[in-house]
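Here is a short report on one protein model.

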Amino acid sequence: EIGNLNLPVRFKELIDRIEVCYNIEFKKRVKLEEQYDKIRSSYEQLQKKGFAEYGYVNLYDVKKNFRLSYESFNELLNSYYTAYRHIEIILFSNTVSSIDMRRRFLVDGNSVLKIRIIKKS
């Protein structure tokens, strides 16, 4: 371990600061990945329960599993799409079967209301 080396005090302080910053960033990344997993699991659960039309699930139904505001969920959704669009096929739709006056989510500049996630083989 670096902390056990006989380094000058300034180097030890610098190493301590680096470790603190690393831990903070690591914890943020782990929490974000947990949120991404929650999006996927919410989607899959809703699909199994029959809430999907042609494989698309309403994003407001997915959002119910989160304690986030519209703006925060929209930001998370954009972050998820950016991070996983090359790994999974993520499709969005704005088509509804009945009149739905709720605000649409904005993902990559497009107004969307439903999501479909397809795992690439």
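A residue counts as buried when its relative accessible area is under 20%, as exposed when over 50%, and as partly exposed in between. The model shown is predicted. At 54%, Tyr-22 is over the 50% cut-off, so Tyr-22 counts as exposed. Phe-26 has a relative accessible area of 47%, so Phe-26 is partly exposed.

**Aromatic rings**

The rings of Tyr-36 and Tyr-84 have centres 5.4 Å apart. Their planes stand at 85°, so this pair is edge-to-face. Tyr-36 belongs to helix H1, while Tyr-84 belongs to helix H3 (residues 70-84). The pair therefore ties together parts that are 48 residues apart in sequence. Are these two tyrosines, Tyr-36 and Tyr-84, buried or exposed? Tyr-36 is buried, and Tyr-84 is buried too.

The model has nine aromatic pairs. Tyr-22 and Phe-26 make one that is stacked, with 5.9 Å from centre to centre and 20° between the planes. Both residues lie in helix H1 (residues 9-48). They are four residues apart, about one turn of the helix.

Ring pairs also build a cluster from Tyr-60, Phe-66, Tyr-70, Phe-73 and Phe-105. The charged end of Lys-38 is over the ring of Phe-66, 4.9 Å from its centre. Arg-103 lies over the face of Tyr-70, at 3.6 Å from the ring centre.

**Salt bridges**

Side chains of opposite charge can pair when their charged atoms come close. How many salt bridges does a search of the whole structure find? The search finds eight. The table includes three of them.

| Side chains | N to O distance |
|---|---|
| Arg-29 and Glu-33 | 2.6 Å |
| Arg-40 and Glu-88 | 2.8 Å |
| Asp-61 and Lys-64 | 3.6 Å |

Arg-29 and Glu-33 both lie in helix H1, four residues apart, or about one turn of the helix. Arg-29 is partly exposed at 43% relative accessibility. Glu-33 is partly exposed as well, at 22%.

The salt bridge between Arg-40 and Glu-88 has an N to O distance of 2.8 Å. This pair links distant parts of the chain: Arg-40 is in helix H1 and Glu-88 is in strand E2, 48 residues apart. Arg-40 has 13% relative accessibility, so Arg-40 counts as buried. Glu-88 is buried too, at 6%.

Lys-64 is exposed, with 65%. Salt bridges that share partners also join Asp-37, Arg-40 and Glu-88 into one network.

Ser-42 lies in helix H1. Its relative accessible area is 2%, so Ser-42 is buried. Which residues does Ser-42 contact, leaving aside its neighbours within four places in sequence? They are Val-62, Asn-65 and Phe-66.

Asn-94 sits in the loop between strand E2 (88-93) and strand E3 (105-107). Asn-94 is partly exposed, at 37% relative accessibility. Not counting residues up to four places away in sequence, Asn-94 touches Arg-104, Ser-111, Val-112 and Leu-113. The C-alpha atoms of Asn-94 and Tyr-54 are separated by 13 Å, and these residues are 40 apart along the chain.

Phe-11, Leu-14 and Ile-18 form a nonpolar patch on the surface. Together they have about 300 Å² of accessible area. Leu-14 is in helix H1, and it is partly exposed at 45% relative accessibility.

Key:
Residues numbered from 1 in each chain as written. Predicted model: local features only at pLDDT ≥ 70, side-chain atom pairs only at ≥ 80, totals over all residues. Heavy atoms only, no water. Phe/Tyr/Trp six-rings, centres within 6.5 Å; stacked < 30°, edge-to-face > 60°. Helix = DSSP H or I, 4+ residues; strand = E, 2+ residues; numbered from the N terminus. Buried < 20%, exposed > 50% of the residue type's maximum accessible area, 1.4 Å probe, protein only. Lys NZ or Arg CZ within 6 Å of the ring centre and 35° of its normal. Patch = residues over 30% accessible without salt bridge, like charges linked within 9 Å, V, L, I, M, F, W, Y side chains within 5 Å. Areas by Shrake-Rupley, 256 points an atom, 1.4 Å probe, with all protein chains shown as cover. Salt bridge = Lys/Arg side-chain N within 4 Å of Asp/Glu carboxyl O. Contact = heavy atoms within 4.5 Å.
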